Amino acid sequence: MKIRVAVVQFKPRKGDVAHNLDRVAETLRQIVEENLPADVVVFPETILSGYFLEGGVRDAARTREQILQELSCRYQPFARAEPLDVVLGFYELWHGKYYNSALYLTLEQEPARCRILHTHRKFFLPTYGVFQEKRFVARGRTIEVFQTRFGAATVLICEDMWHSITGAIAALKGAEVFYVIAASPGRGFRGENVGNVMKWQTLLCNMAEEHGVWVVNASLVGFEGGKGFVGQSTIVNPFGQVVVSAPLMQEAIATATIDTEEIAIARANAPLLADLEAGLADLLIEMQEIAEEQHTRDRQ
Amino acid sequence: MSRLQVVTAPARTHDAEELLRINAPLVTEWLVEFLRDEMIRRRGFHRAVVGLSGGVDSSVTAFLCARALGPENVWGIRMPYRTSSPESLEHAQMVIDQLGIHSRTIDITPAVDGYLQYEPDADGRRRGNVMARMRMIVLFDLSAALNALPVGTGNKTERLFGYFTWHADDSPPINPLGDLFKTQVWQLARYLGVPEVIVSKPASADLIVGQTDEDDLGISYHLADQILYFLLRGYRVEQIEEMGYPREKILLVKNRLESTHWKRHLPTTAMLSTTSINDYYLRPVDY
C-alpha cells in the first residue's frame, strides 16, 4: 500500500484559532489546487493556537467536534473528489478537562461524510525547564492504534516520542505508520544543527528502525516569546533512513510517497518487533514486579 | 597465559572553552529570524532603534538588526555624556558607517546634569544609574517618534551578574543577546564582521573614566563564563573547584549570581487574591 503524505509547518497566530483554521484550510487548498501528492496531510502540535499559552489554553481549547465542523466547512469550496486525511494538533476541551490533543480526520466533498477517525491525547506532558504542560492540561491515558484506509496507524505527540515504550506499545498493537506531531523550541547551538533538531532526528530514525515502521513527523515553526520552534519536519522509512525533511525554522510543505510493503522487508532484516512480541510475557512480569516494588517502597 | 590489556577511562575533564563554543552562522540565522518574528510578525514593527555605545554588545545587536530588517530600518543612537570616552563615539560611528544605518547623536549631559545639580554628592554608582536611565528615556522616546521598537543589547553574563541598571539597560521589550555569554557574543561579533578594534578592546560600561567591566567584576569574562556555565547546570562549588577553577573566583561568581535574582524579575507585588497577575492569572508575553 502506498500512501502519499505531506507534512506542513507554518507559524500559527498566537491564540487565534479561527485564523489558524483558515491557514490550515489555505494549505489544503494549495495541496488540492496544485495537485500535490497527498493522501494524508500532517500539521504540527498545537497548530491551531501556538504552543505556549499558559492560562490561555482555556480560551483556545475547542471540542473535537467543533474542529471537525470548522474545518469541513472551510474545506467544501475546494473539496476534491477523493477523500483527504488530516492530522493536526490542538488544545482540546473534553469531558470538562483540557488536553493537548491530536485529531486524525477524513475530509470529503460531502460534509456529512467528514469524520474523526481518532483522537490522541498527549500521554507524557513535559513539565520541566521551559515546559509547564501539567499545570495547564490533563494527561491522556492511552496509546491507541486505529484503522485508516491505508492500514493501521498511531498518533504520538512530542514527548510521547521521547519514551521508547510508547512507540513499542503502538508497534505491538499493529501500527505501521506513526504520525508524530511536535512543538520543539530550539536549544543548543554548538553543533552543526540546533541541538534538539539533531536529537529529534535520532529519535525518529531509532523508533522507525527499532520497530520497522514509517514515522511521519510534523514540527512547529515560529517564535513565541523568544522561544523559536525548529520545524525540520521529517519522514523516516522503516530502515531508519530519512526520506525527506522540511527546512529549519521556515514555513514549508514536505511530501513523500511511503510504501507500507517496505515494512515487511525491514522487519525481515531486523526482526526486533517479533523478538519483542516473543519476550512480551516475561517483560510484563518484570514490569509488574517493578510497579509493585515501587508501590511498596513508597508506602514505607 | 597472556594478560589482558586494560583500557582505563581518562580523567574527567571539562573543556569549557569548547562547551561555550557556538555555531555562529547558525546562531545568526536563528537571531535574525527571532528579530523578524518578534518585531514584525508579533508586534508589527518594521524599524529598530539601538543605543550604540561603541561596545561589542550594541554593535552585534545593530549588525543583527541590519540583517533582519535592512539597514534602512535601523537607527543607531549615540548618547554620550561629557565624561564618555571619545573612542566610544568613534567606534559607534564605525558601526554606523559600516552598516549604512541611520544615526542620531543625543548628548545626555544637560539632562543628566540638570538633575544631578540637586544631588551634587551623588557617588559614581548613582551617577551611572542616572545616565543609564536617561539613555532609556531617549531610546524609548525616539522609538515613539520613529515608530520603531527599542532593541536591547544586554548579554547573559551581565544579566547573571546583575551588572546593569535595573529598568534601564534591561528595559527594551526584545533582546537578541540575552542568552549568550559575553565570550559567545565575541564569537558572534567576529563572525558578523564587527570591527576588530571593538571586539578586542576591554569591555566597559563607560560610566566612569577608565572603567572596565573586568576590573569592576574582579574576574575576566573568560573565567566568569566558564564558572557560570557549570553553576547554572547545578554543579556544586567543590565540583567546580575539582575541575581546576580557583575557589575564590567560584565564590565571587556564585555570590554575584545569588544576590541579583531580583534584578531579573519584575517588581514584587503583594498577592491578595486567586487572580494575582503572573501568579494565578498567567498569559505569555505574546498572547
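In this predicted model, the domain assignment of chain A gives domain 1, spanning residues 2–269, and domain 2, spanning residues 270–300. Taken over C-alpha atoms, the centres of domain 1 and domain 2 of chain A are separated by 29 Å. Contact between the two involves 10 residues of domain 1 of chain A and seven residues of domain 2 of chain A. On the side of domain 1 of chain A that touches domain 2, helix H6 (164–172), helix H7 (195–211) and helix H8 (261–269) of chain A each supply at least two residues. H8(A) provides the largest share of that side, namely four residues. By residue class, the side of domain 1 of chain A that touches domain 2 of chain A divides into five nonpolar, three polar and two charged residues.

We can turn next to the sheet of chain A. This is an open sheet of six strands with mixed pairing, in the order E5-E4-E3-E2-E1-E14. Strand E5 (115–121) and strand E14 (252–259) of chain A stand at the edges with a single partner strand each, so one side of each has no neighbour in the sheet. From one strand to the next, the twist averages 25 degrees.

The pairings can be followed strand by strand. E2(A) and E3(A) run parallel and are paired over three bridges, with A:Val42 standing opposite A:Val87 in E3(A). E3(A) and E4(A) run antiparallel and are joined by 11 bridges; here A:Phe90 has A:Ser101 in E4(A) as its bridge partner. These two strands, E3(A) and E4(A), form a hairpin with two residues between them, and A:His95 in the turn takes a positive phi of about 50 degrees. Strand E4 (residues 97–107) of chain A pairs in turn with E5(A), in the antiparallel sense and over six bridges. A:Ala102 has A:His120 in E5(A) as its bridge partner. Helix H3 (residues 64–75) of chain A packs on this sheet, where H3(A) touches strand E3 (84–94), E4 and E5 of chain A, and the direction of H3(A) makes about 35 degrees with that of E4(A). E3(A) is mostly covered, as nine of its 11 residues are buried. In a regular strand, side chains alternate between the two faces of the sheet.

Chain B has 287 residues, of which 36% count as buried. Among the contacts in chain B with a separation of 6 or more, 71% are accounted for by residues 24 or more positions apart.

Helix H11 of chain B illustrates the packing in some detail. H11(B) covers residues 221–232, and its 12 residues reach 16 Å from the first C-alpha to the last, close to the 16 Å expected at 1.5 Å a residue. The buried residues in H11(B) are B:Tyr221, B:Ala224, B:Asp225, B:Gln226, B:Ile227, B:Leu228 and B:Phe230. Just after H11(B), B:Gly234 has a positive phi of about 100 degrees.

Positive phi values also occur at residues other than glycine. One of these is A:Glu54, with a positive phi of about 50 degrees. A:Glu54 is found in the loop between strand E2 (40–42) and helix H2 (57–60) of chain A, and it counts as partly exposed because 17 other C-beta atoms lie within 10 Å, a count between the limits of 12 or fewer for exposed and 20 or more for buried. In chain B, B:Asn278 has a positive phi of about 70 degrees although it is not a glycine. B:Asn278 lies in the segment after H13 of chain B and is exposed, because it has 12 other C-beta atoms within 10 Å.

Finally, the two chains meet in a contact that takes 21 residues from chain A and 18 residues from chain B. On the side of chain B that touches chain A, 10 residues are nonpolar, seven are charged and one is polar.

Terms used: Residues numbered from 1 in each chain as written. Chains lettered and ligands numbered in written order. Predicted model: local features only at pLDDT ≥ 70, side-chain atom pairs only at ≥ 80, totals over all residues. Nonpolar A, V, L, I, M, F, W, Y, C, P; charged D, E, K, R; others polar. Expected span 1.5 Å × (residues − 1). Pairing = 2+ DSSP bridges. Axes fitted to C-alpha atoms, helices over the stretch in contact; angles between N-to-C directions. Domains from an automatic or database assignment.
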